[in-house]
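User: I am new to this structure and would like to learn how to read it feature by feature. Could you take me through it slowly?

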Amino acid sequence: MTAKIIDGKEFAAGVRTKVATHVARLKEENHIVPGLAVVLVGEDPASEVYVRNKHKSTLEVGMNSFEHKLPADTSESDLLALIDQLNNDPLVHGILCQLPLPNHLNEELVINSIIPSKDVDGFHISNVGLLGTGQKSMVPCTPLGCLMMLRDHHGSLSGLNAVVVGRSNIVGKPMANLLLRDSCTVTIAHSRTKNIETLCASADIVIAAVGRPEMITGDWIGKSATVIDVGINRIAHPTVEGKTKLVGDVHFESAKEKAGAITPVPGGVGPMTIACLLANTLTACCRANGLEEPEGLTA
């Protein structure tokens, strides 16, 4: 058996279309345009690419995009003053401060200076607490994208056994909380988990978010399990000297022979992250204006 490939590019395109439809309706019926502000400090090449892609995607769905590019030596007080300005700007519904920040800036302080209702990354400690206690919150984009794909594939997740490999604050922990909210039985595995292979093999759903290239092989996967690979790792190309390739945390070729469905790398979870950032900005806008939240675009 070869697994069904869950096409993240196609799924993300569908999410963006839904967002664009809602944005057009907001403009027509309420004369409101959702706005996303992205703050970039410094000139990290990878961050610049991410910010450029976010700006393009924001405009494509009809939202307002506000870019703030600051020099690498920007003081913490100046950065916090900008965030305070954005917090109080009624045209801005979502704020994202691109990480990593230069070393002289306190990431936790900066993240928690964004008001929770505009924290479209879902990293503010208040949103972390709300999600952990099952209350309405802004949800981190990557776990939200994983949840959307799982719901689409399975319908109901109720009663399924899920193993989340990885315990990061950005993916592993919020992913576990989202699965619990959908009535999965959830286990978080990590580097010190005993018999991790056996644990994964017993799961209906395996979420790989550990940051180790191709760590999870086919013999870790139970028959017909759904595998969501969050990992993005660059390794030496096995056949072309001097070249590299992107792989996930799952050994795709062996896992696809056991799994019922699997996300590829690249082209799986990755495209969903920006799509869910747009969905979160739309959700934040609707909440700020007391309007009904878009169906199917929130947790």
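Predicted model: local features only at pLDDT ≥ 70, side-chain atom pairs only at ≥ 80, totals over all residues.

User: Is glycine 260 buried, exposed or partly exposed, and how far is its C-alpha atom from that of leucine 282?

Analyst: Buried means under 20% relative accessible area and exposed over 50%, with partly exposed in between, using a 1.4 Å probe and protein chains only. Glycine 260 counts as partly exposed because its relative accessible area is 23%. Its C-alpha atom and that of leucine 282, which is 22 residues away along the chain, are separated by 33 Å.

User: How should I read a sheet, and what is the order of the strands in the open sheet here?

Analyst: Strands of a sheet pair through backbone hydrogen bonds, either parallel or antiparallel. Two strands are taken as paired if DSSP finds at least two bridges between them. In this model an open sheet of six strands has the order β1-β11-β8-β7-β5-β6, and the pairing is parallel. Its edge strands are β1 (4-5) and β6, each of which pairs on one side only. At the β1 end, two bridges join β1 to β11 in the parallel sense, and isoleucine 5 stands opposite isoleucine 262 of β11.

User: Which helices lie on these strands?

Analyst: Here we need contact, which means heavy atoms within 4.5 Å, and axes, which are lines fitted to C-alpha atoms (for helices over the stretch in contact), with angles from 0 to 180 degrees between N-to-C directions. Helix α6 lies across β1, β7, β8 (226-229) and β11, and runs at about 160° to β8. Helix α7 packs on the sheet as well, touching β5, β6 and β7, and its direction makes about 170° with that of β5.

User: How do α6 and α7 meet each other, and is their crossing left-handed or right-handed?

Analyst: A crossing is left-handed if the near helix is turned anticlockwise from the far one by less than a right angle, and right-handed if clockwise. The crossing of α6 and α7 is right-handed; the axes of α6 (residues 141-154) and α7 (residues 172-181) come within 9 Å and cross at roughly 35°. On the α6 side the contact is made by Pro143, Leu144, Cys146, Leu147 and Leu150, which meet Pro174, Met175, Leu178 and Leu179 of α7. These residues divide into nine nonpolar, no polar and no charged, where Ala, Val, Leu, Ile, Met, Phe, Trp, Tyr, Cys and Pro count as nonpolar, Asp, Glu, Lys and Arg as charged, and the others, Gly among them, as polar.

User: Which residues of α7 are buried, and what comes just after this helix?

Analyst: Gly172, Pro174, Met175, Ala176, Leu178 and Leu179 are buried in α7, and the buried residues pack against α5 (125-132), α6, β5 (161-165), β6 and β7 (205-208). Just after α7, serine 183 takes a positive phi of about 70°, although this residue is not a glycine. Serine 183 is partly exposed, because its relative accessible area is 41%. Aspartate 182, in the loop between α7 and β6 (185-189), is instead buried, with a relative accessible area of 18%.

User: What does the side chain of aspartate 182 make a polar contact with?

Analyst: A polar contact is a pair of N or O atoms within 3.5 Å; within protein, one must be able to donate a hydrogen and the other to accept it, and residues adjacent in sequence count only if both atoms are side-chain atoms. The partner of aspartate 182 is the side chain of arginine 151, at 2.9 Å. Leaving aside neighbours within four places in sequence, aspartate 182 is in contact with Leu147, Arg151, Leu157 and Ser158.

User: Where are cis peptide bonds found?

Analyst: One joins leucine 99 to proline 100, with omega near 0°, and another joins valine 265 and proline 266, with omega about 0°. Proline 100 is in the loop between β4 and α4 (107-111), whereas proline 266 is in the loop between β11 and α10 (270-288).

Methods. Residues numbered from 1 in each chain as written. Heavy atoms only, no water. Helix = DSSP H or I, 4+ residues; strand = E, 2+ residues; numbered from the N terminus.
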